Amino acid sequence: NMLKIWRRTNSINVQKVLWCCAELNLPFERIDAGMAFGVNNTPEYRKMNPNALVPVINDDGFILWESHAIVRYLARKHGNGGLSPADPRDYADADRWMDWYATTIWPSLQPVFWNLIRIAPDKRNMALVETSTKKVIDAMAIADAHLASHAYVTGEKFTIGDIPLGCALARWLNPAAGMQVRCHASLGTLETHSLELALTAVAQGFTVLKLKVGLVQPTTELF
């Protein structure tokens, strides 16, 4: 049976899973759910995911939610030794960067994104945007320093560890979505190569941030 994914493409968590599928050349059946699509608050959906969030996958009867768990599962099943490193230390390294995104990047990036993109101007908490922006800049500087001597977060090979950070960079440095917060000078260039988007950005004293951004196209419809 073909993999099923309940999703909406403007979810950063869904974008991680779609990117993973693209890297693995993995076909799937798309089922729109969440926000404008509804579906996620139905009893049937909550039975699959009691959190009522996207994404959710059904892989031949195996139901899984949480985007990082899905990425790890698909990569290990279909890309072991490639997208999912076979060496325990390399895998732990990739895993570390996925967790770092979850504990350090997203908690600060989320309030910036929601206030500037999804919340009406008169209801925005700009003080929170200010403090969160500073935290994101400090965190991105850590990634930038690491990537100055590594092609990707785990070294010379693209792995699952790059996917969450790549999605975060696409959101943070996306002019079309108005997210060039505190990023000045040149935002670099965007070059599309089939399903891959090579993103190079120069921002806020960074050197060069380079990550593939897969299916995360720089268009407002994703936000």
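**Ground rules.** The model is predicted, so I take local features only at pLDDT of at least 70 and side-chain atom pairs only at pLDDT 80 or more, while totals for chains, interfaces and linings use all residues. Residues are numbered from 1 along each chain as its sequence is written, and side-chain values use heavy atoms, without hydrogens and water.

I looked up the largest pocket first. It holds about 430 Å³ of space. A pocket here is an open set of points on a 1 Å grid over the protein atoms alone, where a 1.4 Å probe fits, with protein on both sides within 12 Å along at least five of seven lines. Points join across faces, edges and corners, and the volume is the space filled by probe spheres set on them. I found 24 lining residues, and Arg8, Ser11, Asn13, Leu53 and Val54 are the closest to the centre. Lining means an atom within 4 Å of a point.

Helices H1 (12-23), H3 (67-78) and H4 (88-118) each supply at least two lining residues. H4 gives the most, with five. Helices (H or I, at least four residues) and strands (E, at least two) are DSSP runs, numbered from the N terminus. By class I noted 10 nonpolar, 10 polar and four charged lining residues. Nonpolar means Ala, Val, Leu, Ile, Met, Phe, Trp, Tyr, Cys and Pro; charged means Asp, Glu, Lys and Arg; the others, Gly among them, are polar.

**Helix pair.** Next I checked H1 against H3. They pack at about 5 degrees, with axes 9 Å apart. Axes are lines fitted to C-alpha atoms over the stretch in contact, and angles run from 0 to 180 degrees between N-to-C directions. H1 and H3 are therefore roughly parallel (under 35 degrees).

**Rings.** I counted five aromatic pairs. Rings of Phe, Tyr and Trp (its six-membered ring) pair if their centres lie within 6.5 Å. Phe62 sits in strand E4 (residues 62-65) and Tyr73 in helix H3, 11 residues apart.

**Backbone.** Most residues other than glycine have a negative phi, and most peptide bonds are trans. Val39 has a positive phi of about 75 degrees. The bond from Val54 to Pro55 is cis, with omega near 5 degrees.

Methods. Parallel < 35°, antiparallel > 145°, perpendicular 65-115°, else oblique. Phe/Tyr/Trp six-rings, centres within 6.5 Å; stacked < 30°, edge-to-face > 60°.
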